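Dear colleague,

Please find below the structure that I am handing over to you. I would be grateful if you could look through it alongside my notes.

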Amino acid sequence: MMDLTTKYLGLDLRSPLVASASPLTGKLDTLRQLEDAGAGAVVLPSLFEEQIVHDEFEIQKVLGTGLDISAEAGGYFPHLELEDSGPDSQLRLISEAKKALDVPVIASLNGATQGGWVNYACLMEEAGADALELNVYFVPTDPSVSGVEVEDRYVNLVESVRERVEVPLAVKIGPYFSSVAHMAARLVDAGAEALVLFNRFLYPDISLETLQVEPRLQLSSEAELRLPLRWIAILRGQVAADFAASSGAHSGHDAAKLLLAGADIVMFASTLLKNGPGHLATIRDELLKWAELGEYESVDQLRGSMSQSHCPNPDDFGRANYMKALASYSSSLP
Ligand SMILES: Cc1cc2nc3c(=O)[nH]c(=O)nc-3n(C[C@H](O)[C@H](O)[C@H](O)COP(=O)(O)O)c2cc1C
């Protein structure tokens, strides 16, 4: 049987199959089920910048002291319909999860601006988090803001969290940069030890009944895994970081592909939400069965063996793939 042990963020993991942030990692009973099903680590749901800023705003309102945000702006903070979702309960979850689980517990901060909220990184470390994941979810809508300014913002945010904590730091980003590879290198220079590729952006919809802009959360599909697969394959060997694959991994075969591309770990959310936390054991069994057929003995042996730098035709991860895909579709037409 293949040895599943691996390292991520300097932590020893018993398996590269990790539960990414989702409601399943927000409760002790499902966290235990994920551990029982073989999770190598768990990422707790994010503490959102809005939760912290909103909390501080409410406190300042009660204390009647000035805060650097207007009452009008305070009204814009999204009301998060999350049960018991304040910063205190998130910090409590970290320490309870640490007590309840043997696998590493990664805490997550999610935001877009530099501000006092990043101090929570320290509190998360104090609460016992083994590592931090910083999810930068920023939608740049102002035409006067250049790509360079947006990138600087990411880098400054990572630097400011890095300054506050000793524990390893992973950064979760989306794929929308002019140069993903350059951005990845900058984030690593700024102090990220791992990159989580990718954040899955959720897009608004318009309801034709209510004529309201509506949030819509659809779980991922397997086709989405090819985006992290491409970029991890390209970055492995070029950027000195650990890589976590996120988005579109639903099965053991998906995990195998992402490990071959160069991922250190593969993260799962949608398929576990759909099939339950126990499904992680099925995913692990499928990965092990596939590895046995290929006579792979360890994750080390698998990892990156099909990354771009190991590929006979490196452009298969670049433009050549596009040309070949179009040509193969045309030639399959009757
Ligand atoms: C209901 C739900 C809640 C999520 N909450 C968080 C979160 O708190 N923080 C975060 O970084 N990602 C969050 N995610 C994103 C997942 O961690 C993951 O990156 C994304 O769903 C892509 O992986 P998947 O294809 O396995 O679902 C959430 C996803 C879902 C579906």
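This is a predicted model: local features need pLDDT of at least 70, side-chain atom pairs count only at pLDDT 80 or more; totals for chains, interfaces and linings use all residues.

The protein has a mean pLDDT of 89, with 90% of its residues at 70 or more. Residues 63-83 call for caution: pLDDT stays under 50 there, and the model has 16 contacts beyond four places in sequence for this stretch.

Around the ligand there are 22 residues, of which S20, A21, S220, A269 and S270 come nearest. Strand 4 (42-48), strand 5 (105-111) and helix 10 (270-275) are the elements that give two or more residues to this shell. Its composition by class is 11 polar, nine nonpolar and two charged residues.

The largest nonpolar core comprises 90 residues, and those touching the most other members are V42, L132, V171, L195, I232, L258 and V266. The element giving the most to this core is helix 8 (residues 226-235), with six residues. Beyond its neighbours within four places in sequence, L132 is in contact with I106, A107, L109, A121, M124, V161, V165, V167 and L169.

Helix 9 (residues 252-261) is largely enclosed by the rest of the structure, because eight of its 10 residues are buried. These are G252, D254, A255, K257, L258, L259, L260 and A261. The buried residues of helix 9 pack against helix 8, helix 11 (279-293) and helix 12 (299-302), and also against strand 3 (17-19), strand 11 (242-245) and strand 12 (265-268). After helix 9 comes G262, with a positive phi near 135°.

Yours sincerely

Note on methods. Residues are numbered from 1 along each chain as its sequence is written. A residue is near a molecule or strand if its C-beta atom, placed from the backbone, lies within 6 Å of it. Helices (H or I, at least four residues) and strands (E, at least two) are DSSP runs, numbered from the N terminus. Ala, Val, Leu, Ile, Met, Phe, Trp, Tyr, Cys and Pro count as nonpolar, Asp, Glu, Lys and Arg as charged, and the others, Gly among them, as polar. pLDDT is the predictor's confidence in each residue, from 0 to 100. Two residues are in contact if their C-beta atoms, placed from the backbone, lie within 7 Å. A nonpolar core is a set of buried Ala, Val, Leu, Ile, Met, Phe, Trp, Tyr and Cys residues joined through C-beta atoms within 7 Å. A residue is buried if 20 or more other C-beta atoms lie within 10 Å of its own, exposed if 12 or fewer, and partly exposed in between; C-beta atoms are placed from the backbone.
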